[in-house]
Amino acid sequence: MSVLVVGISHNSAPVGLLERVALDSDGVHKLVHDASSCTHVTEATVISTCNRVEIYAEVDRFHGSVEDLSRLLVDRAGESAETMLPHLYVHYDDGAVAHLFQVAAGLDSMAVGEGQILGQVRAALRLGQELSAVGPALNVLFQQALRVGKRSRAETGIDQVAPSLVTAALAQSETPTGRVDGSRVVVVGAGAMAGLATATVTRLGAGRVSVVNRTPDRAARLAEEYAARAVAFEDLPAALGEADIVISCTGSTGALITRDMLATCRSPESGPLVVIDIALPRDVEPSVATLPGVRLIDLAGLADALHDTEVGREVGEVRRIVGEEVTAFLTARRQASVAPTVVALRSMATAVVDAELTRLDTRLPALDAAAREEIRRTVSRVADKLLHEPTVRVKELANADGAVSYAAALAELFALDPEAVSAVTRPEVS
């Protein structure tokens, strides 16, 4: 069994295509269910963010699994395979482990080093567990990825020097309203990204922060946490009319802020407006940028702006940590892969020793207890010494390519029962 990743992200596709694949909560649930139902898949979960959709699966066959999982993303986009496949990427086995660790550490994010991805990886694991789609393989992998992400942030300053999408968007603004201090800010949404946006503008000294969301209770909770004000969704146009900065990050499937809406609610006295759209699919019609005094910053523009962002030594340190963790994880996994064969080999030797001692008892019933115990120890030592070198060597070779072949050779040479080997790692069902 091996881990397979099939995904699409800001690194492989334009924002317009990412929009076609973007998932709401129900969509993520369905994709996890569909992926885990594929023929060669035994475990599955999905990481879905504003700039990536990745399916992680434990599979027993590479080619059939790649085709099935890729088809799920192609169908989601409603595009032809010829259009989609060049934008999908595949990581398998060791490569899949390395990719997930890089994602959790923030190295694969649009804003390199951003911390929100760690919560998104945790959410993917939790969802897979809740849907009974994640088993021991992905659970161990994702738990270790979370530890790698935490270690990267604990041992480096990457989270201090790396911008979030929100701060990067505010920094990119060239208008006077790009200065948050004293500005009137409207946050549209109440999810994790909206919470980050509200926290960021509050910290930067916004004069007034308004939170707008379809669900009033969620808007009220977020607003209360940051001493902001909650605004009813039907009052969104009025809030936009008074805003200096708008940050929209909902899970809506259609545009919430249109050109006509802004043209109607804004007057010449309203002043310049910065509209930041970090939702996928888009919350804001691109045509709003044609309105006088309106500057639109969206994911496409952010991707270009952040492409060459350099956070220097901290990124190098995170890469070093990720490299160490990948090596350690793969070493432990390879050693674990030969452990069942080693245990079965030693169990076979123990069974042979016990059988011969029983035979000795039958042939020499008058043998005194002390002599019988000395014989038992001697025979056991002989068996241990004969097995010592091959078991030590197969563990050492577990770190090299072909470790599974060495384990298979041991099983073949010593005629080990395959069922006895697999039983060592078979989970007990309570």
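This is a predicted model: local features need pLDDT of at least 70, side-chain atom pairs count only at pLDDT 80 or more; totals for chains, interfaces and linings use all residues.
Local features were assigned at pLDDT of at least 70 and side-chain atom pairs at pLDDT 80 or more, while totals for chains, interfaces and linings use all residues. Residues are numbered from 1 along each chain as its sequence is written, and side-chain values rest on heavy atoms, with hydrogens and water left out.

Three aromatic pairs are present in the structure (rings of Phe, Tyr and Trp, the last by its six-membered ring, with centres within 6.5 Å; planes under 30 degrees apart are stacked, over 60 edge-to-face, the rest tilted). Helices (H or I, at least four residues) and strands (E, at least two) are DSSP runs numbered from the N terminus. Tyr56 is buried, at a relative accessible area of 0%, and Phe142 is buried at 1% (buried, under 20%; exposed, over 50%; partly exposed in between; 1.4 Å probe, protein chains only).

Phe101 and Phe329 also pair edge-to-face, with 5.7 Å between centres and 75 degrees between planes. Because Phe101 lies in helix α5 (residues 94-104) and Phe329 in helix α15 (residues 312-363), the contact ties together parts 228 residues apart in sequence. Both phenylalanines, Phe101 and Phe329, are buried.

Strands β9 (residues 273-277) and β10 run parallel and are joined by five bridges; pairing requires at least two DSSP bridges between two strands. Leu273 has Val294 of β10 as its bridge partner. Four of the five residues of β10 (residues 294-298) are buried, so this strand is largely enclosed by the rest of the structure.
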